[in-house]
Amino acid sequence: MIVFSERINGMYRDVRSAIVERNPEVIQDLAEQQLAGGADVMDLNVGPAKGDAVEHFVWLARTVHEVTDKPLSLDSAKADLLVQVVPRVRDALPDTKLVINSCTAAPSYMEKLLPVATSCGAAIIGLTMDQEGVPGNVEKRIECGATFIMTALEHGIPIDAIYIDPIVLPVNAAFKQQQFVIEAIRQLSIVNDPPPKFIVGLSNVSQKCRMNRLLNRTFLVMCLAAGLDAAIVDAADDELIAAMISAEVLLGKELYSDDYIKAWRMQRGLPAQVEPAQV
Amino acid sequence: MPIPDATQTWSGRINPVTLGATPAEGGTRGRTVTLGGEAGIAFLSSDGETPHPPAIALDVLDTTPVGWPEPLREVYGDVWSEPAGWARRAADLGADLINLRLLGTHPDEGDRPPEAAVETVQAVLEAVDLPLVVWGCDVPAKDQAVMPKVAEATRGENCLLGAVTETDYRTLAAAAQAYGHKLIALAPCDINKSKQVNILVSDTGYPLTNLVIYPTTAALGYGMEYVYSILERGRLAALAGDRVMAQPVILDVGYEAWRTKEARTGDEAAEVWGPIGRRGPAWEAVTAAVLLQGSADLLVLRHPEAMQAVRQTIGELTAT
C-alpha cells in the first residue's frame with residue numbers, strides 16, 4: 001500500500017503555529033517521524049493557518065523537501081487555492097512528484113484542476129462527490145467516480161496518476177457509509193482496465209470516537225481486502241502499519257516470512273525497530 | 001482476432017552477483033562469472049532483459065566418490081581420486097565454474113581436518129583458473145570449523161560459499177564478510193523460510209546483494225514440480241519489488257538427477273529404458289532444462305553431455 005502521511009496538517013495546532021511562525025524544525029521533526037514509520041508520500045495541508053495560504057504551502061513544501069525526496073501531496077478542499085499552489089510548488093521543486101489532493105467530480109472543479117494536473121505533471125485524487133455533496137449511497141459514488149476517471153483520462157492524465165477517494169465518513173455519525181466505501185472500491189475497480197488507484201482519508205472513520213486507532217486499523221484492513229491501494233494515515237502509528245503489512249501478506253501482495261514486518265521495513269531502507277507490542 | 005499484448009513491466013530486478021576475481025581484482029582467476037541481473041521472467045525477452053544467461057558449474061569432490069554410476073566413472077574415473085586433476089578435467093570439459101564439495105570433512109566420511117580441506121581448496125585454485133563454489137559437509141559443527149579457514153585461505157578469490165541456514169548462519173556470514181566471499185542461503189523447499197534466512201543473514205550486516213538462494217532441488221519424477229513452484233513464486237515476488245528475495249538462484253541438479261533409479265540402474269536390470277550412457281545424462285539435462293524455466297541462475301551438473309545439452313537449450317532460449 002502507498003502510505004500517505006497525514007500528520008503535517010494545519011488542523012493540528014503545533015503545525016499551524018509552525019507554519020505561521022516559519023519554524024521548520026517542528027515540521028521537519030514530524031516529517032522524519034512519518035518517514036521512519038514508512039511514509040511513501042507526504043501529504044501537506046496548511047489548514048486554517050492565518051496569512052497567505054499560497055505562500056504557506058510553498059514554504060511547507062520546501063521545508064519538507066529539505067528532509068526527503070518523497071512525493072508531496074498538496075491537500076486542500078479549495079480548488080482556487082490549489083490552482084495557484086500547484087504551479088508554484090512545481091516551479092520551486094521541479095523534480096518532485098506531486099499529487100493534487102483533491103478534486104470533486106463537479107464540472108466547475110474538474111475544469112480548474114485537471115488542466116493543472118496535466119500541465120504540472122501531477123497525479124490527482126478525485127472525490128466521489130459533485131456539486132450536490134457527499135453521496136449517501138453506493139450508486140452516486142460510482143457515478144461520480146466514473147465521471148472523474150473518464151474526464152481525467154480525456155485530459156491526458158495517465159491512469160496510474162489517477163486516485164479515487166470514495167469518501168470516508170465517521171462511523172459515529174454515518175454508520176452505513178463504511179460499507180458503501182468498500183462496495184464503491186469493488187465496483188469502480190471494473191470501470192477502467194487497468195483500474196485507477198483507490199485511496200481513503202482513513203482517520204475520518206473514527207473522528208471523535210474513543211477507540212479511534214482500533215477503528216482506523218480495522219477499517220484499513222477491510223478496505224485493503226476490497227482493493228485499496230493507498231491511504232492517508234498516521235505513518236507513525238506502528239500498530240496501524242503492522243496491521244496494514246499483515247493484511248498485504250494475507251492478501252498475497254507480500255511474501256510471508258517470520259519477520260515480515262522487518263522485511264517490509266528493510267525494503268524501504270528503514271532501520272529495524274522494536275516490534276509493536278505483542279501483536 | 002488480435003493477439004492481446006501480454007507484456008508485463010516489473011518494478012524489481014534480480015541482483016547481479018559476480019563470482020571469482022582476476023589478478024586485477026585481487027584474485028587469481030582467469031575470468032569472473034556474473035549471475036542474475038534479470039529484469040523479467042526467465043527467457044521472456046519481452047518482459048525484460050537477461051543480461052547474464054544461466055551459468056554451469058561441474059561437481060568436484062574432495063574424496064573419491066562412492067557409488068557414482070558408470071557414465072560418470074567413464075568421464076572422471078581416472079582423476080577422481082585427486083581433486084586438482086578432477087577440477088582440471090571439469091575445466092577442460094568447459095565448465096564455467098568448479099563446484100567443490102568438502103565431503104571428506106564429514107565426521108563419518110573421513111573427518112578430514114580444516115587444514116586438509118584448505119590444502120584441497122588451494123590445490124584446486126592452483127589447478128584451474130575458474131571461479132569456485134565451495135560447500136562444507138552439511139554438519140554445522142564441522143562446517144563452522146572448516147569453512148572459516150577455507151574463507152581465510154581463499155581471501156580475495158571471491159568464492160561462493162555454502163551454505164547458511166535458518167539455524168546456522170552467524171559463523172559463515174562473518175567469515176564471508178571478513179574475507180570477501182559470496183554466500184549461499186539454503187532453505188529446503190520453503191519460500192517463507194528462504195525469505196527469513198535472507199533477513200537473518202542481513203541482520204548480521206552481511207549484504208543481501210551478496211547472497212545466492214538455494215531452495216534445494218528435486219529431479220524429474222521426484223517432486224520437481226514442487227521446487228518449480230517455489231522457484232516461480234520467489235522470482236515473481238522479486239520482480240514485483242521484494243528486494244529481500246531478489247537474489248539469483250543456485251540449483252544442485254547433478255546430485256539429484258544421479259540419485260534417481262532411472263539414472264543409476266544398470267542396463268541389465270532396465271533393458272527397456274535404453275542404455276544408461278544416454279539415460280543418465282538425459283535425466284540430468286531434462287531436469288535442468290525444466291528448472292531453468294522456473295528461474296535458475298547457476299546449475300551444478302555432473303555429466304558433460306548434460307552440460308552440453310543444457311547449454312544448447314539456454315542458447316536457443318536466449319537467442320535474439
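Reader: Does Tyr214(B) count as buried or exposed?

Author: Tyr214(B) counts as buried, because its relative accessibility is 9%. Buried means under 20% relative accessible area, exposed over 50% and partly exposed in between, with a 1.4 Å probe and protein chains only.

Reader: What am I looking at?

Author: This is a predicted model: local features need pLDDT of at least 70, side-chain atom pairs need 80 or more, and totals for chains, interfaces and linings use all residues. Residues count from 1 along each chain, chains are lettered from A and ligands numbered from 1 as written, and side-chain values use heavy atoms, without hydrogens or water.

Reader: How many aromatic pairs are there over all chains?

Author: Seven. Rings of Phe, Tyr and Trp (its six-membered ring) pair if their centres lie within 6.5 Å; planes under 30 degrees apart are stacked, over 60 edge-to-face, the rest tilted.

Reader: Why is the pair of Trp68(B) and Trp86(B) edge-to-face?

Author: Their planes stand at 80°, so the pair is edge-to-face, and the ring centres are 5.5 Å apart. Trp68(B) sits in the loop between strand E3 and helix H1 of chain B, while Trp86(B) is in helix H2, 18 residues apart. Helices (H or I, at least four residues) and strands (E, at least two) are DSSP runs numbered from the N terminus. Both Trp68(B) and Trp86(B) are buried.

Reader: And what does Tyr214(B) pair with?

Author: Trp135(B), edge-to-face, at 5.2 Å centre to centre and 75° between the planes. Trp135(B) lies in strand E5 and Tyr214(B) in strand E8 of chain B, so the pair ties together parts 79 residues apart in sequence. Trp135(B) is also buried, at 9% relative accessibility.

Reader: Which residues form one aromatic cluster?

Author: Trp68(B), Tyr76(B), Trp80(B) and Trp86(B).

Reader: New topic. In what order do the eight strands of the open sheet in chain B run?

Author: E8-E7-E6-E5-E4-E3-E10-E9, with parallel pairing. Strands E8 (211–214) and E9 (250–251) are the edges, each pairing on one side only. Two strands pair if DSSP finds at least two bridges between them.

Reader: How many bridges join E6 to E7 in chain B?

Author: Three. Leu161(B) stands opposite Leu183(B) in E7(B).

Reader: Last one. How many residues line the largest cavity?

Author: It has 16, and Ile213(B), Ile230(B), Gly234(B), Met245(B) and Val249(B) lie nearest its centre. A cavity is a set of points on a 1 Å grid over the protein atoms alone where a 1.4 Å probe fits but cannot get out; lining residues have an atom within 4 Å of a point.

Reader: Where does the largest share of that lining come from?

Author: Helix H7(B), with five residues. Helices H6 (191–203) and H7 (224–239) of chain B each supply at least two.

Note on methods: 1 Å grid on protein atoms, 1.4 Å probe; cavity = no way out; pocket = protein on both sides within 12 Å on 5 of 7 lines; lining within 4 Å.
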